[in-house]
Every structure is written in C-alpha cells, then in structure tokens.
Amino acid sequence: MKTLKDFEKDLSKCSKCGQCQIACPIYKLTHNECTVSRGKFMMLHGVTQGELKFSKKINKYLDMCLKCGKCSQYCPAGIDVIEIFNHAKHDYMKNTLSGKIINFLQSRLIFSNIINIGKLLFNKKRNIITDSQSEKKLKLLYFKGCVNQITPNTDKYLKKIFHNSDIEILTPDFDCCGLPFLSEGNLERFEQTAQYNIEKLNCNYDYIVTDCASCEDTLLSYNKYLKCNISADKSLNWGDIIALKNIKFKFNKPLKVTFHKPCHLKNDFFFEHIMKNCSNIEYIKMDDYDECCGLAGSFTIKNRKLSKELSKNKALNIQKTNADYVITSCPACILGLKQGLKLINNKKTKAISLIEFLSKSEIENFK
C-alpha cells in the first residue's frame, strides 16, 4: 500500500498556478488558501520533507474537501489530487484514537450489521430485479449502493420503466462501493470491500450500471488502488441506458423541471435527450447546475456551516427556475438538495431521482 511519501514527485509537480482556486467550491466560499489543493499540497510537502508534522489542523483542512475532483480537472500538471488526499488521510488517521474508532465502526462486521438493521427497519419486503430469460439481448449488472440496499424503491421504478424490454438486469450481492472508507482514510477496509466487489464482477455482462454517481466514480477508482481493470467504457448509469433505448414518457400534466449534475457524474449528455422524449415537460437549465449540492458524505457532518451555505446557494439557483422538480442521479445529492430547499423555505420544488421521476409517467413505447 502506498503512503504519502510515495507522492512526493506529484506534490512537487504543483506549480502553484492557482487554477485549483477557480475550480474549488470551498475556496469560493472561504478564500482561505488552506482549503484549496495547492495550499494543502504545501502543508503535505512539508510533512514529507520532515518540516511539518501531521496535526489536527492539517487533518481539519484535509476534511474541508468535497472530493469533487474539479481541481484535478483544472490542474495543468494532471495531478490526481483526491488520491493524494486519501493517502494523506490514511497516514494521519492510522495512528490516532479517532482513526482506530472509525476503523472499528467501519469494520465488515459492524458496518454490515448497520446496513442489515436498515434493511429490517425500512425494507420488510425486498423486491429484487432479476430476469433470466435467455432471449434477452443486453445484460446489465446493477450496482445498487448502500442507500438502495436499505430502501430499494428503485427496483419498483426500474420494473415499470423496463417492462417488456430487451434487457436482463442482474443483481449480485455487492458490498458498499467503499467511498465512506476511502474518505476517512481507512484504505485497508476500502481495499477489502473493493476486492470483494471485483470478484462479483467476474461474470458475463455487457455493462455495470449504477444510479449513484459517487458509486460509479468509486468503482472506477479501484484501478488506482488494486490490480484490476474496470473499464469506464463498460460503466453506465440508468440515464445512459434510458437514452440509449430511446424510451418515450408521457406525463398527465405540464411540469417544469431542472437538473442537478452530481460532482462525480461522468457526463450528463443523456438528460436533455430523455427530456426531449418526455411529453408535457419543460426543462429549464439552472445556473451553476454542476456545482456541489453541499452534502458530500461526512463533509456535511464535519463542516456544517459550509455544507449549508453550498446547499443554500444551490437551492437559490433552483428557485430561479420555478421548477416543480429538481432531478438528479445521486441519492446523496437528493439529501443535499432537500437540505438547501428547506433552508430557503421552498415548499414547491421537490428533489427527486431521475428513475423515480420517470416512473411517474406512462411509458409510451420501447425501442
């Protein structure tokens, strides 16, 4: 397993150009150099050189990150910022009491039992999607993620949308994608769950499909940490599949909708295509539609004030569209959007997943 020391060359590649400032949502709010990647790099470089020691303050700034990856997209040197932060977090947390407590809570036994309790409380009747008919043409491996394991309403929505379709949906017993472990620097647990999921991928399928942008992004990151080759070309979300199949949707009354693009979503080309296939729907693109909703996992717990500010800014942009629904393709983002709408007391607009929204319509045809 790599340590922060292994990233010395990458830390040195940072020219301090400041492009990350343009991209970073947190810097835009705080204007604090320590919240942006080049500021963190200076601190971490000091750690690798022995000039600084890891401290609670450095860890605080590592946690003040949405892990959205926008800084990497803007970085002229092509530095994988998030991978460095994850390893830095691991090096710090492994020798702290809080790190040991988090590692214990995230152990397979404890974490799995938390998920299982959630299933018992909210999921008395599981409705697994399977279809073993041999004439089906497209085999899709559905990675549900933790949220849908607990409240698998997506199963019901997908059954309606893909009724009499030419696809086969397979639902192996996947573990969590591992993002909660990765974010807390628990790389041992992350690699354990990643290896388990990789073994589940050892079967015949055309695409692995998610309805959570963060899950998809994490699955594709396995290649960085383990010896595997998960191809981005074989990874899609349900929006991609629906657009590919050119399904038509008929809504009973006129509705205005807008779209929030999750930070981890590879692309959103599918969305406008789907909206054009929806009758009685007016799509209004909001300002900064791809800015973070403010949730970002444990970020919202550790940085409540910043989380609320991001959510509020997002909600104000939603409100300008006067939309009935704000649609997204990430369960966590739905919580962030709801947080923002509540903060500005917007009771009109409902935050909803793409799959649930489409399931409210009549499916006109399937090609």
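A charge sits over a ring if NZ of Lys or CZ of Arg is within 6 Å of the ring centre and within 35 degrees of the ring normal. The views below come from a predicted model.

**View 1. Two lysines over tyrosine rings.**
K60 lies over the face of Y61. The distance from the ring centre is 5.4 Å. A second case involves K234 and Y205. Here the charged end of K234 sits 4.6 Å from the centre of the Y205 ring.

**View 2. F190 and Y222, an edge-to-face pair.**
The model has twelve aromatic pairs. One of them joins F190 and Y222. The ring centres are 5.8 Å apart, and the planes make an angle of 70°, an edge-to-face arrangement.

**View 3. F259 and F271, a stacked pair.**
The rings of F259 and F271 are stacked. F259 has 1% relative accessibility, so it counts as buried. F271 is also at 1% relative accessibility and therefore counts as buried.

**View 4. Y283 in an aromatic cluster.**
Which residues make up the cluster with Y283? They are F259, F270, F271 and Y283. Y283 sits in strand β6 (residues 278-283). Its relative accessibility is 22%, so Y283 counts as partly exposed. Leaving out residues up to four places away in sequence, Y283 touches V257, T258, F259, F271, E272 and M275. E362 is 79 residues from Y283 along the chain. The C-alpha atoms of Y283 and E362 are separated by 18 Å.

**View 5. An open sheet of four strands.**
The strand order is β2-β1-β3-β4, and the pairing is parallel. Strands β2 (167-170) and β4 (235-237) stand at the edges. Each has a single partner strand, so one side of each is left without a neighbour in the sheet. Neighbouring strands are turned against each other by 35° on average, direction ignored. Strands of a sheet pair through backbone hydrogen bonds, either parallel or antiparallel.

**View 6. Where β3 meets β4, and the helices on the sheet.**
Strand β3 (residues 207-210) runs parallel to β4, and three bridges join them. In this pairing, I208 stands opposite S235 in β4. Helix α14 packs on the sheet and touches β1 (138-143), β3 and β4. The direction of α14 makes about 175° with that of β4. Helix α15 (residues 238-245) packs on the sheet as well. It touches β1, β2, β3 and β4. The direction of α15 makes about 80° with that of β4.

S183 is part of helix α12 (residues 179-183). Is S183 buried or exposed? Its relative accessible area is 18%, so S183 is buried; the cut-off for buried is under 20%. Setting aside neighbours within four places in sequence, S183 is in contact with K67, N86 and K89.

Notes. Residues are numbered from 1 along each chain as its sequence is written. This is a predicted model: local features need pLDDT of at least 70, side-chain atom pairs count only at pLDDT 80 or more; totals for chains, interfaces and linings use all residues. Side-chain values use heavy atoms; hydrogens and water are left out. Rings of Phe, Tyr and Trp (its six-membered ring) pair if their centres lie within 6.5 Å; planes under 30 degrees apart count as stacked, over 60 as edge-to-face and the rest as tilted. Buried means under 20% relative accessible area, exposed over 50%, partly exposed in between (1.4 Å probe, protein chains only). Two strands pair if DSSP finds at least two bridges between them. Helices (H or I, at least four residues) and strands (E, at least two) are DSSP runs, numbered from the N terminus. Axes are lines fitted to C-alpha atoms, for helices over the stretch in contact, and angles run from 0 to 180 degrees between N-to-C directions. Contact means heavy atoms within 4.5 Å.
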